[in-house]
Each structure stands twice: as C-alpha cells, then as structure tokens.
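Please read the following account with the sequence and the 3D view side by side.

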Amino acid sequence: MHDWSEGGRQAAGAGRFVLELRSEADTVRFAERLADLCVPGALIALDGDLGAGKTRFAKAFAAGLGVPGMVNSPTFTIVKEYEGGRLPLYHMDVYRLSIEEADELGLDEYFDGNGVSLVEWASLVEPLLPPERLHIRLELTGPESRLATCEPIGARYEDWCRELGLRLSKEEGSGDDDKG
C-alpha cells in the first residue's frame, strides 16, 4: 500500500513547460535527452490520448537509458522491468486499473527503487504517485507533430526542464487547454 503524504498538484513548482515535437525524430531526441538526466528514483508520469506517441516515447526513453532488446507497452502485464541499461527501467501502463487495484499492486515499491519509473496514463493514479515527478502530456497537433507539455513537480524536475531548453508555457488558465 502506498504511504505518500501528498500527491497531486499541491507540490507543483514553477508551472508548465512546453516543447513542440515536429516529427517522430524530435520525440525520440526529447525522450533520449530526458533519459540522460535520470537518476535512481526518478519518475516520469506520461499521459496523452490514444495515438499521441506514449509508446514511441517510452521506447526512445528506454533506448536512452541503454535498455537492450525490444521494449513495448505493458498494457496487459501492467509493469515491465528492464535491466541491463544505465539504470533499471520500470515501465507501467495503468490504463486498465482502478486506483484501488493500483494501490494493491504496491507500485510505490518501484517508485522507491533504484531505477527509473515511467508510468503511462499516470493521471489515473495520481494520488498514488510520489510528491515529486515530471508529468508529461503528449498532444497530437498534426499527422506527425506533437506538443509535449511538461509539469515539473519538484526542483530537480524543474531544473531538468530548463536544462532541456523547454520554454515556460503561457499563464495557466489562458484558454490553451482545449479538450479536442
């Protein structure tokens, strides 16, 4: 069972950062550069509609960590553990879980581990996530283009966004949050 004293947006930092990904190659570069920054205990929370590029991002992220072999979505296995890279990767897909089921799985043991956790559909289990993480939302903006909106929750993740050269988004509540 989880024991996070806080989750959600209470620990939010500087705001949101954005990155325009004009092609699949841009998505791959972004994921690989982010993987280079990761340290044990890092958590990447990933959201986006079906087809937004979450699995492609995850594959490139794993490659950036040096994970050998094929990486695919853990949709039906919930968690896949990959060893052999610079850090272990714990790749999770929580789309089919209720918050109670996710809590019973003991995901916090992965979050407290010596690897990097990448959680697809993370907003579905947000109360179970550690108070510090990098939340990334991928949105389709064209046939090959995406917008990555990154919300660093914690100083380490804010520093990463700045180091990656991401730009701070416009003021929240500006009407840019279309649900289309």
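In what order do the eight strands of the open sheet lie? The order is β3-β4-β5-β2-β6-β7-β1-β8, and the pairing is mixed. Two strands are taken to pair if DSSP finds at least two bridges between them. β3 (79-82) and β8 (167-168) stand at the edges with a single partner strand each, so one side of each has no neighbour in the sheet. Strands of a sheet pair through backbone hydrogen bonds, either parallel or antiparallel.

The model is a predicted one, in which local features need pLDDT of at least 70 and side-chain atom pairs count only at pLDDT 80 or more, while totals for chains, interfaces and linings use all residues. Residues are numbered from 1 along each chain as its sequence is written, and side-chain values use heavy atoms, with hydrogens and water left out.

The secondary structure of the protein comprises five helices and eight strands. Helices (H or I, at least four residues) and strands (E, at least two) are DSSP runs, numbered from the N terminus. Along the sequence they follow the pattern β-α-β-α-β-β-α-α-β-β-β-α-β.

β1 shows how the pairing works out residue by residue. It runs antiparallel to β7, to which five bridges join it. Within this pair Val18 stands opposite Thr149, and Phe17 stands opposite Cys150. β1 is also antiparallel to β8, through two bridges, and there the bridge partner of Phe17 is Leu168.

α1 lies across β1, β2, β6 and β7, and runs at about 140 degrees to β1. α5 packs on the sheet as well, touching β1, β2, β6 and β7, and its direction makes about 145 degrees with that of β7. These angles run from 0 to 180 degrees between N-to-C directions, with axes fitted as lines to C-alpha atoms, for helices over the stretch in contact.

α1 has 14 residues, which at 1.5 Å a residue should span 20 Å; its end C-alpha atoms are 21 Å apart, which agrees. The expected span is 1.5 Å times one less than the number of residues. Asp26, Thr27, Val28, Phe30, Ala31, Leu34, Ala35 and Leu37 of α1 are buried, where buried means under 20% relative accessible area, exposed over 50%, and partly exposed in between (1.4 Å probe, protein chains only). The cover over these residues includes β1 (17-21), β2, α2, β6, β7 (146-153) and α5 (155-163).

α2 (residues 54-65) passes the length check too: its twelve residues should span 16 Å, and the end C-alpha atoms are 16 Å apart. Its buried residues are Lys54, Phe57, Ala58, Ala60, Phe61, Ala62, Gly64 and Leu65. An α-helix has 3.6 residues a turn, so residues three or four places apart point the same way. Among the elements covering the buried residues of α2 are α1 (24-37), β2 (43-48), β4 (89-93), β5 (116-120) and β6 (133-140). Just after α2, Gly66 takes a positive phi of about 85 degrees.

Which residues have the most contacts inside the largest nonpolar core? They are Phe30, Leu34, Ile44, Phe57, Phe61, Leu65 and Ile136, in a core of 53 residues. A nonpolar core is a set of buried Ala, Val, Leu, Ile, Met, Phe, Trp, Tyr and Cys residues joined through side-chain atoms within 4.5 Å. Phe57 can be followed in detail: leaving aside neighbours within four places in sequence, it is in contact (heavy atoms within 4.5 Å) with Thr27, Phe30, Ala31, Leu34, Ile44, Leu46, Leu118, Ile136 and Leu138.

Ile78 is in the loop between α2 and β3 and counts as buried, at 14% relative accessibility. Beyond four places in sequence, Ile78 touches His91, Met92, Asp93, Leu97 and Leu105. Ser169, in the segment after β8, is partly exposed, with a relative accessible area of 25%. Its C-alpha is 5.8 Å from that of Val18, although 151 residues separate Ser169 and Val18 in sequence.

For the protein as a whole, 50% of the 180 residues count as buried. Of the contacts between residues at least 6 apart in sequence, 69% join residues at least 24 apart.
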